[in-house]
Amino acid sequence: MKIQLVPPTEKYRDSFLRALREFRREGLPWWVGGDLETVELDFAAFVARKLADSNRRTETRVPKTHLWAVAEEQFVGRISIHHELNDALRIEGGHIGYDTVPSFRGRGVAAEMLRQALPVARALGLAEVLLTCDDTNAASIRVIERNGGSLRDTRTLDANRPLKRYYWISLS
């Protein structure tokens with residue numbers, strides 16, 4: 001499957017909304033920034049907000065570039081790159097986060113998204129990037145390690161949650 005990373009765009013509205021429904025059934029709609037119905041009603045505004053995130057900075061937010069993975073004109077995943085780390089991202093989240101549409105998992109989408117996103121992170125001026133994942137997330141562990149991730153730490157953030165893994169990838 002040939003994957004291309006593109007900025008958010010209205011062109012992929014229908015497949016994006018199908019993907020959101022899959023994520024919702026799985027209980028993972030957290031990155032939408034609103035509920036599915038709101039996104040459906042004003043998809044153009046949703047896309048504009050995602051694009052504006054690259055310049056948005058608040059006390060709790062740092063600029064972030066969103067990219068969508070597209071294969072055969074279908075939205076198959078998303079990856080985002082924080083331009084810097086704040087205290088919260090150093091604990092959980094890191095520079096880069098990604099999700100693969102459930103029906104496209106197991107096909108190398110996440111590994112390819114990360115591979116293509118690393119030069120984008122370098123172009124943003126980052127020398128290395130932090131990625132975090134749960135110790136129980138074997139798929140993410142494989143994706144990060146295949147892309148050169150070096151495990152530097154594991155931490156317990158909450159006794160009721162799995163250990164958190166902290167990987168760094170050098171971009172030099």
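Strands (E, at least two residues) and helices (H or I, at least four) are DSSP runs, numbered from the N terminus, and two strands pair if DSSP finds at least two bridges between them. The model is predicted, so to speak a calculated picture: local features need pLDDT of at least 70, side-chain atom pairs count only at pLDDT 80 or more, and totals for chains, interfaces and linings use all residues. Residues are numbered from 1 along each chain as its sequence is written, and side-chain values use heavy atoms, with hydrogens and water left out.

**View 1. An open sheet is built from 4 strands.** Follow the order β1-β2-β3-β4, with antiparallel pairing. Since β1 (4-6) and β4 (96-100) stand at the edges with a single partner strand each, one side of each is left without a neighbour in the sheet. On average, neighbouring strands are turned by 25 degrees against each other, direction ignored; here axes are lines fitted to C-alpha atoms, for helices over the stretch in contact, and angles run from 0 to 180 degrees between N-to-C directions.

**View 2. Strands β2 and β3 meet in a hairpin.** Here 8 bridges join β2 (residues 64-71) to β3 (residues 74-82), and the two run antiparallel. Look for L67 opposite I79 in β3, and for W68 with its bridge partner R78. Between the strands lie 2 residues, and E72 takes a positive phi near 50 degrees.

**View 3. Helix α1 packs on the sheet.** This helix (residues 13-26) touches β2, β3 and β4, and its direction makes about 75 degrees with that of β3. Contact means heavy atoms within 4.5 Å.

**View 4. The largest nonpolar core holds 45 residues.** Such a core is a set of buried Ala, Val, Leu, Ile, Met, Phe, Trp, Tyr and Cys residues joined through side-chain atoms within 4.5 Å. F16, W68, I79, I96, Y98 and V129 touch the most other members, while helix α5 (residues 109-123) gives the most to this core, with 8 residues.

Key:
Buried means under 20% relative accessible area, exposed over 50%, partly exposed in between (1.4 Å probe, protein chains only).
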